[in-house]
Amino acid sequence: KAKELGLPDTHYERPDGLDAPGHYSSARDVFRLARIVMRKPLYAKLVAITSTAVAGRPITNRNDLLFTYPGIIGVKTGHTSTAGWSEVAAARRDGVTMYAVLLGAPSRDRRNADLARLLDWGFDQYRVIPIIRTGHTYAKALVPFGDRELSLVAAAPVIAVEQLGRPLVETVVAPSMVELPVQKGQKLGEVRIYDGPKLIAKRPLVAADAIEEPGLGARLRWYAGRALDHLGDMVSSIFGAIA
């Protein structure tokens with residue numbers, strides 16, 4: 001089952017988790033397992049309960065952080081004479097869910113204090129940030145038969161949890177000039193966000209406005225205007241050379 005769940009450093013000898021030769025796991029695998037089970041709504045609900053009663057018998061959750069740490073949502077404590085005091089804890093603040101795993105603490109109090117410090121450190125490192133924004137102009141493309149430019153904006157935003165101080169690289173793929181007509185919202189490019197070599201987000205770039213193709217008369221006037229501009233430049237160059 002551990003192999004099926006993608007836990008390469010785990011081997012189970014018994015289902016109750018008590019000490020046994022060959023029964024082991026790692027902090028990374030405990031984290032992976034916690035992520036798996038916390039996707040199950042019933043499990044996530046149960047591990048957040050502080051106290052309840054079963055058949056009239058009161059039961060108090062032994063996860064002390066549920067009573068002391070702001071934003072804690074679980075997950076599981078454990079203790080045996082060989083493994084020591086252990087726990088995988090999860091907390092949620094401002095849209096960020098943080099996990100911390102501690103194995104082999106010498107005491108229950110030490111485990112609780114060290115987990116709180118680990119979670120605090122994690123929350124100080126990460127924030128929810130908009131890495132792609134709607135309404136922001138990522139590129140501008142020239143419009144034929146005129147002097148205007150068309151703004152290209154992201155079709156949809158991307159909000160992600162990112163580590164503070166870690167640079168992200170933004171790459172924009174877009175045309176230098178568009179072909180008319182252009183419909184508002186028409187896909188004309190793409191913005192990509194990289195964390196090092198890893199692509200972490202991308203969105204289409206679309207036209208911010210609709211632009212109709214000009215009629216024959218408008219195009220002729222534009223060509224005539226361009227011709228006059230070129231003629232004026234030639235005359236200026238000639239007189240400049242004579243002077």
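Me: Let's begin with Asp114. Buried or exposed?
Reply: Asp114 counts as buried, at 16% relative accessibility. The cut-offs are under 20% relative accessible area for buried, over 50% for exposed and partly exposed in between, using a 1.4 Å probe and protein chains only.

Me: Before we go on, what kind of model is this, and how is it numbered?
Reply: It's a predicted model, numbered from 1 along each chain as the sequence is written, where local features need pLDDT of at least 70 and side-chain atom pairs count only at pLDDT 80 or more. Totals for chains, interfaces and linings use all residues, while side-chain values use heavy atoms, with hydrogens and water left out.

Me: OK, back to Asp114. Which residue does Asp114 form a salt bridge with?
Reply: Arg117, with the closest N and O atoms 2.3 Å apart. A salt bridge here is a side-chain nitrogen of Lys or Arg within 4 Å of a carboxyl oxygen of Asp or Glu. Arg117 is exposed, at 52% relative accessible area.

Me: How are helices and strands assigned?
Reply: They're DSSP runs numbered from the N terminus: H or I with at least four residues for helices, E with at least two for strands. The protein chain has five helices and 12 strands.

Me: And how many salt bridges turn up in the whole structure?
Reply: The search finds 11. One of them pairs Asp29 with Arg32, whose closest N and O atoms are 3.1 Å apart. Those two are three residues apart in helix 1, again about one helical turn. Asp29 is buried, with a relative accessible area of 0%, whereas Arg32 is partly exposed at 29%.

Me: What about Arg108, which partner does it have?
Reply: Arg108 forms a salt bridge with Asp64, the closest N and O atoms being 2.7 Å apart. Arg108 lies in helix 4 (residues 108–125) and Asp64 in the loop between strand 2 (57–60) and helix 3 (65–68), so the pair ties together parts 44 residues apart in sequence.

Me: Which residues are linked with them in a network?
Reply: Asp64 and Arg108 are in a network of salt bridges with Glu87 and Arg111.

Me: Switching topic. What volume does the largest pocket have?
Reply: About 950 Å³. A pocket is an open set of points on a 1 Å grid over the protein atoms alone, where a 1.4 Å probe fits and there is protein on both sides within 12 Å along at least five of seven lines. Points are joined across faces, edges and corners, and the volume is the space filled by probe spheres set on them.

Me: And how many residues line it?
Reply: The lining has 30 residues, with Tyr12, Gly17, His23, Ser25 and Val30 nearest the centre; a lining residue has an atom within 4 Å of a point. Helix 1 (27–38), strand 3 (72–80) and strand 4 (84–93) each supply at least two residues. Strand 3 gives the most, with six.

Me: Now Ser151. Where is it, and what does it contact?
Reply: Ser151 is in strand 8 (residues 149–154), and it's buried at 18% relative accessible area. Setting aside neighbours within four places in sequence, Ser151 is in contact (heavy atoms within 4.5 Å) with Thr137, Ala139, Lys140, Val206, Ala207 and Ala208.

Me: And which residues does Gly185 touch?
Reply: Val206 and Ala207, not counting residues up to four places away in sequence. Gly185 lies in the loop between strand 10 (169–173) and strand 11 (187–195), and it's partly exposed at 42% relative accessible area. Its C-alpha is 9.4 Å from that of Ala154, 31 residues away along the chain.

Me: Last one, the chain as a whole. What percentage of residues count as buried?
Reply: 29% of the 243 residues. Among contacts with a separation of 6 or more, 49% are between residues 24 or more positions apart.
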